[in-house]
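Subject: A structure for you to look at

Hi,

Here is the structure I promised to pass on to you. Please open it beside this email and follow along as you read.

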Amino acid sequence: MNREPFNEYNTWHRLLEGDEEAFYSFYNQYYFYLIHIGMKICGDPELVKDSLHDYFMQLWERRTSVGEVRNIRGYIARAYKNTLIHALERLKRLPADNDYGETHSEFRTPAHEETILQNEQQQERDELLTRAIATLPDRQRELLFYRYYLGMTPEQIASKTGLSVRTVYNHIHRAHNHLRTYFSPSQLPDFPGLIIILIPALQAFSEKI
């Protein structure tokens, strides 16, 4: 199966229309680009990754309010940078010589009480997902690790494991369905949120695969 080249404009607009596959494609396409940007601002790789997950969650949840964007790559870089800077400000770790010149207008900074509540909810959700991942068959857990932790495409996974591309898709689809049963709608209102929290949760299993 030949993989179609990434089309930024089409994928972006499909994402804004609620296309989950476009969301995954966009996330995978820009993950390492945004990580590189984050590491130039902050030397903490965990905070950089956590802020990136937060940004993509916010992007999905607020996709209907995103206006016309001419420079998509520049827009997401600026918005992610703002998210990371807000995180540093909350932790009082923003460098004194900060000259990023951002207006911080992409997303508002939560109040202190809201931040505490969000952190508690995220911890509970991550613990639940880690337990859920542990109940998956070894093969499904392995394929999720390759797909979302390493960012491999289904075609790359098929080549590495010797499975067919269709079998890879089927295993991942079954794993998705299984994991969704662990969450109530209030815990996970949009399914792409599962992908965002899958990546840090899979870290617990990285040494076992």
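Helices α6 and α7 lie oblique to each other, because their axes cross at roughly 130 degrees, and angles from 65 to 115 would count as roughly perpendicular. The two axes come within 10 Å, and the crossing is right-handed. To find the place in this predicted model, look for α6 at residues 138-149 and α7 at residues 154-161. On the α6 side, the contact is made by R139, E142, L143, Y146 and R147, and on the α7 side by P154, I157, K160 and T161. Sorted by class, these are four nonpolar, one polar and four charged residues.

Helix α6 also packs against α8, which covers residues 165-180. How do these two sit relative to each other? Their axes come within 9 Å and cross at roughly 100 degrees, so α6 is roughly perpendicular to α8. From α6, the residues R139, Q140, L143, L144, R147 and Y148 take part. They meet V168, H171, I172, R174, A175, H176 and L179 of α8. This contact divides into seven nonpolar, three polar and three charged residues.

L47, V48, S51, L52, D54, Y55 and Q58 of α3 make the contact with Y75, I76, A79, Y80, T83, L84, A87 and L88 of α4. Which classes of residue are found there? There are 11 nonpolar, three polar and one charged.

Next, the aromatic rings. The whole structure holds 11 aromatic pairs. One of them joins W12 and F26, and this pair is tilted, with 5.4 Å from centre to centre and 45 degrees between the planes. W12 belongs to helix α1 and F26 to helix α2 (residues 20-41), so the pair links parts of the chain that are 14 residues apart.

Finally, a word on confidence. The mean pLDDT of the protein chain is 77, and 69% of the residues score at least 70. Among its elements, helix α1 (residues 8-16) has the highest mean, 91, while helix α9 (residues 192-202) has the lowest, 60. Over residues 99-111 the pLDDT is below 50, although this stretch has 30 contacts in the model beyond near neighbours in sequence. Where pLDDT is low, the predicted coordinates should not be read in detail.

Enjoy exploring!

Terms used: Residues numbered from 1 in each chain as written. Predicted model: local features only at pLDDT ≥ 70, side-chain atom pairs only at ≥ 80, totals over all residues. Heavy atoms only, no water. pLDDT = per-residue confidence, 0-100. Helix = DSSP H or I, 4+ residues; strand = E, 2+ residues; numbered from the N terminus. Contact = heavy atoms within 4.5 Å. Nonpolar A, V, L, I, M, F, W, Y, C, P; charged D, E, K, R; others polar. Phe/Tyr/Trp six-rings, centres within 6.5 Å; stacked < 30°, edge-to-face > 60°. Axes fitted to C-alpha atoms, helices over the stretch in contact; angles between N-to-C directions. Parallel < 35°, antiparallel > 145°, perpendicular 65-115°, else oblique. Left-handed = near helix turned anticlockwise from the far one by under 90°.
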